[in-house]
Amino acid sequence: MGVNAVNDAGSKWGAAFSKRPIFFMSRKEMEACVDANGVIHKSRLKNVELREDTCTLSSNDTYRRPNTTYEVCDKDKGSAFLDLNFLIKDETSSLRGSLSDKKDVDFYNFSIPFPNFQRNYFGVEAYIDMPEGCDYDLTLYDEYGNQVGKAEWDGEGRKKLSVPNWDMDTNKYCLKVENGNGEEVSPNDFYRISFHVCENKEHEKTDAVREAYGNLYSAYSRKDENWRDYLEKYNAVLRETEQNYRNELEQLHRKQYESLPEEKKYKGGRTVDELLQNLAEGKDLSEAERQYVKIFANLKDMEKAQQKAELKNDFSDEFYKDLESRGISREDIEGMRVRIGSSGDVTVDGVEDETVREQVQKLIDEKYSDRMYRYYIGIADSVGNLPYNAYRYAAEVQEVRRYLKGVTGQDIPLENLYMLPDGNIGGLPKKADKLINNTKNNAKTDQMREALRNIIGNIRVSGDLGIPDFTSQFQFGDGAFSVVDSGFAVNMGTLDGRLTPQYSGNMYSDMYRYQFRKVL
């Protein structure tokens, strides 16, 4: 049944939408619609241009990010910070971004902003418009880190990919933008990302899921004593859908591989894991090996291998050149250890010459601290293996502590902060209080204000477990940096248990969960 048929056939869903899903506005979208006089103008959210986020520690260079709101560029429409999901709601709007150099990679996370049952009828397409003469790759990953789509030219001067409709459970996705041809790019060359809601031509793949869930929900709502029978049927459909998801993924990857030119088809005997290990060790992969990894590797594993290689080679070489200009050799810092605290404080030891140690510490503090932090969270298993809620909490603690230390010059105990009745944050020193609670139209301040609210809420929920603090640690040996995993003092498993909603005795408590491991 097509979209028009759904709307015109008089079905029970027909009144719910007309050629498009029903979209409910988020709090931030509602705020963006209100003018200075308190009047709502929905037209203010038309033809909106969002700006890529470069103001936080993780910026958009890492795939797993705690903050994913983007600033509205048009000041005539007022200050607003919106999720990328907004672009699915309004196809007249887009996000504008740029690659800083030919090796830069940008990541954008989003989720489908309409109810699952509507996904049975609608699909979503993503587009990228590129600067003249540029050929960027736009790749889609699901919340499990599987590569589930690569944009292709659509004949209209841009590239397009379709978000798969293999099930109605998978909801979060990540877009990756990178330079496809390896040629030089300019940060003044802008690309645009936009979305389009379309008809789901493969709705039969999810018809059974929608029907089984509808029967379960109806039975549970009317307190049918046999509602668990419907739960068992629904779980059986979910298990079958999970296997179908695996099959679809395998077919997609095989199709992508077969579409490659013969010279780019990897025909060697190494597994994906072996190729990633070679990459992590800094070994060059052939073009065929790189294409193979891009198709079949998990996003998390691939990014970790690439960051290890970059830290070992490019970053270490760049760092050494800076030292060399100061008259410091690799031998002078062999065995050096670097610690970067959550407030951004840098400590260097393992260097005998005090003058050299002070110079190195100053160099890291002024130039390399944030980059090293990004390497740490991408490589250290204690951080990378955290479930989303715990990861977001830990990452926001780092963001906020660095920010407050920069503003006030001192470490602010986050445990002493609280929410005021007017929505402001209490317990801040005077300078930080004025900046956080009174500053408007500033992307950085908005991000930190939102992060502080999340932290205060998490402290209240987690009780006496403590704050998930960690120190980014590195070792310099054999002429290169490597990560030393410092772990957490807090029991992160217990903490995540308190942050993640728990179901007991209702229709959700025994609902089947996919065995895929979530990455986003």
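**Cavities, a helix pair and a loop residue**

Tutor: H8 gives the largest share of the lining of the largest cavity, namely four residues. Please keep in mind that this is a predicted model.

Student: What is the volume of that largest cavity?

Tutor: Its volume is about 150 Å³. The lining is formed by 15 residues, and those closest to the centre are Tyr 63, Ile 377, Gly 378, Ile 379 and Gly 384.

Student: Which elements give two or more residues to the lining of the largest cavity?

Tutor: Those elements are helix H8 (299–324), helix H10 (354–379) and helix H11 (381–384).

Student: And what is the lining of the largest cavity like by class?

Tutor: The lining of the largest cavity is made up of five nonpolar, five polar and five charged residues.

Student: How many cavities of 30 Å³ or more are there?

Tutor: The count is three cavities of 30 Å³ or more. The second largest cavity holds about 40 Å³ of space.

Student: Which residues line the second largest cavity?

Tutor: The second largest cavity is lined by Ile 112, Phe 114, Arg 119, Phe 122, Gly 123, Val 124, Val 163, Pro 164 and Asn 165. By class, this lining has six nonpolar, two polar and one charged residues.

Student: Let us change topic to the helices. At what angle do the axes of H6 and H7 cross?

Tutor: The axes of helix H6 (residues 272–280) and helix H7 (residues 287–296) cross at roughly 120° and come within 10 Å. The crossing of H6 past H7 is left-handed.

Student: Which residues make the contact?

Tutor: On H6, the residues are Val 272, Leu 275 and Leu 276, and on H7 they are Glu 289, Tyr 292, Val 293 and Phe 296. By class, the contact of H6 with H7 has six nonpolar residues, no polar residues and one charged residue.

Student: One last topic, Thr 62. Where does Thr 62 lie?

Tutor: Thr 62 is found in the loop between strand E1 (49–51) and strand E2 (69–72).

Student: Does Thr 62 count as buried or exposed?

Tutor: Thr 62 counts as buried, because its relative accessibility is 6% and the cut-off for buried is under 20%.

Student: Which residues is Thr 62 in contact with, leaving aside neighbours within four places in sequence?

Tutor: With those neighbours left aside, Thr 62 is in contact with Phe 107, Gln 307 and Arg 374.

Key. Residues are numbered from 1 along each chain as its sequence is written. This is a predicted model: local features need pLDDT of at least 70, side-chain atom pairs count only at pLDDT 80 or more; totals for chains, interfaces and linings use all residues. Side-chain values use heavy atoms; hydrogens and water are left out. On a 1 Å grid over the protein atoms alone, a cavity is a set of points where a 1.4 Å probe fits but cannot get out, and a pocket is an open set with protein on both sides within 12 Å along at least five of seven lines; lining residues have an atom within 4 Å of a point. Grid points are joined across faces, edges and corners, and a volume is the space filled by probe spheres set on the points. Ala, Val, Leu, Ile, Met, Phe, Trp, Tyr, Cys and Pro count as nonpolar, Asp, Glu, Lys and Arg as charged, and the others, Gly among them, as polar. Axes are lines fitted to C-alpha atoms, for helices over the stretch in contact, and angles run from 0 to 180 degrees between N-to-C directions. A crossing is left-handed if the near helix is turned anticlockwise from the far one by less than a right angle, and right-handed if clockwise. Contact means heavy atoms within 4.5 Å. Buried means under 20% relative accessible area, exposed over 50%, partly exposed in between (1.4 Å probe, protein chains only).
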